[in-house]
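Me: I am new to this structure and would like to learn how to read its features. Could you go through them with me step by step?

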Amino acid sequence: MAVHPIRITGDGALHSPAAPVTEFDDHLRGLVADMYETMDAAPGVGLAAPQIGVPLRIFTYTWVEDSGEKIRGVAINPTLWISPVPAGVADEETESEGCLSFPGERFGLRRAERAILQATDIDGAAYEIRAEGWLARIFQHEYDHLDGVLYIDRLDWDDRKVVAKLTRKRGWGVPGNSWLPGVDDLDA
């Protein structure tokens, strides 16, 4: 297993739709193991394969419910169904999101409260999870990565202006920028 560099906004792998997984083999098992290790080292609650430069429809996720139940898995070739996104302005306290591919920043973003994730696991078995709250948010965030969409692309006009300014200031927005969890000191 290995920790991979995480691509930063501007890298082509982050802004293009990912391809379906067709081979369920040892190479895929190794990739998923590396994704878990990278996600944990970051630390993050989700990681999509395009974030480490692999253009495949895979994401890993981990979340601890208020009950203490730990939910952890991999979604391969997922489909995501969501409830309507509530109207209104995002609450900066309760609806704030960050992204490992735009590290160190958080912005408010409205997301659907409920989601149904249908995917395949590492063994090729289909499964379904009905999620609410933060787990539903994680699924939406990671699923967007598979379509080449970052959460910053969904922000309102004022926040997008801040994002553009930060992107220029940090030299992001171009191919080749990444950071390595456990080595580079970045907050995400």
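This is a predicted model: local features need pLDDT of at least 70, side-chain atom pairs count only at pLDDT 80 or more; totals for chains, interfaces and linings use all residues.

Me: How much space lies in the largest pocket, and which residues lie nearest its centre?

Reply: The largest pocket holds about 320 Å³ of space. Its lining has 17 residues, and Gly44, Val45, Gly98, Cys99 and Arg106 lie nearest the centre. Two elements give two or more residues to that lining: β5 (96-99) and α2 (133-146).

Me: How do the residues of that lining divide by type?

Reply: For the largest pocket, you will find eight nonpolar, five polar and four charged residues in the lining.

Me: What about the second largest pocket: how much space lies there, and which residues line it?

Reply: About 160 Å³ of space lies in the second largest pocket. Its lining includes Leu80, Ile82, Gln140, Tyr143 and Asp144. At least two lining residues come from each of β4 (70-82) and α2. Again α2 gives the most, this time with three residues. By type, the lining of the second largest pocket has six nonpolar residues, one polar and four charged.

Me: Since α2 keeps coming up, how should I read a helix?

Reply: Start with the pattern along the chain. An α-helix has 3.6 residues a turn, so residues three or four places apart point the same way. Then check the length: α2 has 14 residues, which at 1.5 Å a residue should span 20 Å, and the end C-alpha atoms are 21 Å apart, so the two values agree.

Me: Is α2 mostly covered or mostly open, and what covers its buried residues?

Reply: α2 is mostly covered, with 12 of its 14 residues buried. Among the buried ones are Leu135, Ala136, Phe139, Gln140, Tyr143 and Asp144. The cover over the buried residues of α2 includes the strands β2 (46-48), β3 (58-64), β4, β5, β7 (114-120) and β8 (126-132).

Me: Which residues touch the most other members of the largest nonpolar core?

Reply: Ile58 and Phe102 do, in a core of 31 residues. The elements giving two or more residues to this core are α1 (26-41), β4, β6 (102-108) and α3 (157-170). Of these, α1 gives the most, with six residues. There is also a second, separate core of 18 residues, which includes Ala75, Ile129, Leu135 and Ala136.

Me: How do I read the backbone angles?

Reply: Most residues other than glycine have a negative phi, and most peptide bonds are trans. In this model, a cis peptide bond joins Ala42 and Pro43, with omega about -20°. Pro43 sits in the loop between α1 and β2.

Me: Where is Asn77 placed, and what is its phi?

Reply: Asn77 belongs to strand β4. Although Asn77 is not a glycine, its phi is positive, about 50°. Its relative accessible area is 26%, so Asn77 counts as partly exposed.

Me: Which residue takes a positive phi just after α2?

Reply: That is Gly148, with a phi of about 80°.

Methods:
Residues are numbered from 1 along each chain as its sequence is written. Side-chain values use heavy atoms; hydrogens and water are left out. On a 1 Å grid over the protein atoms alone, a cavity is a set of points where a 1.4 Å probe fits but cannot get out, and a pocket is an open set with protein on both sides within 12 Å along at least five of seven lines; lining residues have an atom within 4 Å of a point. Grid points are joined across faces, edges and corners, and a volume is the space filled by probe spheres set on the points. Helices (H or I, at least four residues) and strands (E, at least two) are DSSP runs, numbered from the N terminus. Ala, Val, Leu, Ile, Met, Phe, Trp, Tyr, Cys and Pro count as nonpolar, Asp, Glu, Lys and Arg as charged, and the others, Gly among them, as polar. The expected span of a helix is 1.5 Å times one less than its number of residues. Buried means under 20% relative accessible area, exposed over 50%, partly exposed in between (1.4 Å probe, protein chains only). Contact means heavy atoms within 4.5 Å. A nonpolar core is a set of buried Ala, Val, Leu, Ile, Met, Phe, Trp, Tyr and Cys residues joined through side-chain atoms within 4.5 Å.
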